[in-house]
Amino acid sequence: MSRKTETRREVAPREYKATVEIACDLCGAKRSQMMESGGGMVARDDWGKERFDVNEITIEHKTGMSYPEGGDSITTAFDVCPACWDTKLLPWMKSQGAEPHVTSSDW
Ligand SMILES: [Zn+2]
């Protein structure tokens, strides 16, 4: 005999911020592959062509203060597609004398 008592309850809809499309800030290419996430359909925050592809580009500068009890920050970022990374940003960085940091991961 179960001692558990259950009842049905409704959860009020909640509003949340979701990315629905990403556009490259350099060439305008759009990323619009949608996937289920957090109860809704959102664009993936990467440029992979297939569902399990990982193809993320992060170019951002975060500044602010971080204390044990809290903090604040301002993030300045660009959305850049893989083609612009390969043909514009990477060549430009190398032309300035920078070499990329390359790491690999398995999980
Ligand atoms: Zn681009």
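Start by selecting residues 59-67, strand β5, together with residues 70-78, strand β6: the two pair in the antiparallel sense over nine bridges. Strands here are DSSP runs of E with at least two residues, helices are runs of H or I with at least four residues, and both are numbered from the N terminus. Two strands count as paired if DSSP finds at least two bridges between them. Before you click on, note that this is a predicted model, where local features need pLDDT of at least 70, side-chain atom pairs count only at pLDDT 80 or more, and totals for chains, interfaces and linings use all residues. Residues are numbered from 1 along each chain as its sequence is written.

Next, look at what links the two strands: a hairpin joins β5 to β6 through two residues. Now pick out some partners across the pair. Click E60 and you'll find its bridge partner in β6, A77. Then click G64, which stands opposite S73 in β6.

How many of the nine residues of β6 are buried? Zero, so β6 lies largely in the open. (Buried means 20 or more other C-beta atoms within 10 Å of the residue's own; exposed means 12 or fewer, partly exposed is in between, and C-beta atoms are placed from the backbone.)

Finally, zoom out to the whole protein. Buried residues make up 4% of its 107 residues. Colour by secondary structure and you'll see one helix and six strands, following the pattern β-β-β-β-β-β-α along the sequence.
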